[in-house]
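These are my notebook entries on a single model. I record what I looked up, entry by entry.

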Amino acid sequence: MPSAPEVPVLLGRLRVRQKLVLLVVPLLLLAVAGAVPLVLSRVQAAERSSDSAKLVQRAVRITELVQELQQERLASLGYLSNDVARDEVVARSTRVLELARQIDANYGSADDKLALALRQVTLRSALDGLRPQILEQRTAGFGVYTGFTGAIDGLVDQLRLTDDADLRTNAGRQQVALDAIIRHDEATAAEGAALFIEPRREITMRVVGLVGGGL
């Protein structure tokens with residue numbers, strides 16, 4: 001909790017940040033979109049060079065879903081602030097659900113923890129129950145942010161690239177590096193999405209806290 005003398009300083013900083021956010025947000029949208037091919041290209045490069053091909057291929061599929069969820073999170077928050085069209089949100093949601101079901105069919109039956117993480121994306125009692133509220137604009141940005149971010153974090157935790165990585169080998173080092181890249185990408189994407197959680201994209205202490213946590 002800031003002390004009384006610190007409050008005016010914090011408020012002054014918030015006003016400056018509110019002015020800057022109008023310039024920053026379009027760049028963040030481009031940065032998040034541009035990160036998708038970059039991360040996936042690194043994933044695919046690691047897949048080709050790793051001896052643990054099955055593990056890395058599994059990570060490739062999970063990472064594709066994580067990237068799609070990041071895009072859906074940003075589109076959903078943008079829709080709530082009237083910056084994104086409804087059709088864009090629907091298209092993003094459809095792609096996410098399709099990909100999640102494909103991954104579940106390929107890996108879920110032999111992996112209970114991954115299947116549970118996937119259900120947080122597809123079940124009505126979890127993220128899929130939030131989607132109709134977004135389309136009807138009956139939910140707040142913070143709830144959307146936490147719902148999507150929780151689902152994404154659950155999937156990232158199922159990558160398992162570092163569980164048995166042998167750092168004495170190139171393959172093991174690449175697996176650890178790949179895990180770090182994916183986590184860094186989500187931290188960056190989450191920071192950008194946090195700027196959309198408040199009405200009119202106001203930079204409140206809650207937004208500053210989320211962005212600071214990502215840093």
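Predicted model: local features only at pLDDT ≥ 70, side-chain atom pairs only at ≥ 80, totals over all residues.

**Entry 1. Arg160.** I applied the cut-offs to Arg160, whose relative accessibility is 26%, so that Arg160 counts as partly exposed. Arg160 sits in the loop between helix 6 and helix 7. I then looked up its backbone: phi of Arg160 is near 60°, a positive value in a residue other than glycine.

**Entry 2. Gln137.** I turned to another loop, the one between helix 5 and helix 6, where Gln137 is found. Gln137 is not a glycine, and its phi is positive, near 55°. With 38% relative accessibility, Gln137 counts as partly exposed.

**Entry 3. Overall fold.** How many helices and strands does the protein chain have? I found eight helices and zero strands. Along the sequence the pattern reads α-α-α-α-α-α-α-α. The protein chain has 215 residues, and buried residues make up 42% of them. I also looked up the contacts with a separation of 6 or more: 69% of these join residues 24 or more positions apart.

**Entry 4. Largest nonpolar core.** The largest nonpolar core holds 42 residues, and Leu65, Leu69 and Leu155 touch the most other members. Two or more residues each come from helix 2 (53-80), helix 3, helix 4 (112-122), helix 5, helix 6 (141-156) and helix 7 (170-194). Which element gives the largest share of this core? It is helix 2, with eleven residues. For background I noted that nonpolar side chains tend to be buried together in soluble globular proteins.

I followed Leu69 further. Leaving out residues up to four places away in sequence, Leu69 touches Val96, Val121, Leu127, Arg131, Phe148, Ile152 and Leu155.

**Entry 5. Helix 2 against helix 6.** I recorded this pair by the two values used for packed helices, the angle between their axes and the distance between the axes. For helix 2 and helix 6 the angle is about 180° and the axes are 10 Å apart. Helix 2 is therefore roughly antiparallel to helix 6. On the side of helix 2 the contact is made by Ile62, Leu65, Val66, Leu69, Gln70, Glu72, Arg73, Ser76, Leu77 and Leu80. Helix 6 contributes Gly141, Val144, Tyr145, Phe148, Thr149, Ile152, Leu155 and Val156. Sorted by class, the contact of helix 2 with helix 6 has twelve nonpolar, four polar and two charged residues.

**Entry 6. Helix 3 against helix 5.** Helix 3 (residues 86-107) and helix 5 (residues 127-135) pack at about 170°, their axes 11 Å apart. This pair is therefore also roughly antiparallel. Arg86, Val89, Val90, Ser93, Val96 and Leu97 of helix 3 meet Asp128, Arg131, Ile134 and Leu135 of helix 5. The contact of helix 3 with helix 5 comprises six nonpolar, one polar and three charged residues.

I then looked up Leu135, which lies in helix 5. Is Leu135 buried or partly exposed? Its relative accessibility is 22%, so Leu135 counts as partly exposed. Apart from neighbours within four places in sequence, Leu135 is in contact with Tyr79, Arg86, Val89 and Val90. Leu135 and Asp87 are 48 residues apart in sequence, and their C-alpha atoms are 9.6 Å apart.

**Entry 7. Faces of helix 4.** I listed the buried residues of helix 4 as Leu114, Ala115, Ala117, Leu118, Val121 and Thr122. Viewed down the axis of helix 4, these residues fall within an arc of 160°, so they line one face of the helix. What covers the buried residues of helix 4? The cover includes helix 2, helix 3, helix 5 and helix 6.

**Entry 8. Asp153.** Last, I checked Asp153 in helix 6. Asp153 has a relative accessible area of 36% and is partly exposed. Asp153 and Ala117 are 36 residues apart along the chain, with 9.0 Å between their C-alpha atoms.

Conventions
Residues numbered from 1 in each chain as written. Heavy atoms only, no water. Axes fitted to C-alpha atoms, helices over the stretch in contact; angles between N-to-C directions. Helix = DSSP H or I, 4+ residues; strand = E, 2+ residues; numbered from the N terminus. Parallel < 35°, antiparallel > 145°, perpendicular 65-115°, else oblique. Contact = heavy atoms within 4.5 Å. Nonpolar A, V, L, I, M, F, W, Y, C, P; charged D, E, K, R; others polar. Core = buried A, V, L, I, M, F, W, Y, C linked by side-chain atoms within 4.5 Å. Buried < 20%, exposed > 50% of the residue type's maximum accessible area, 1.4 Å probe, protein only. Arc of directions from axis to C-beta.
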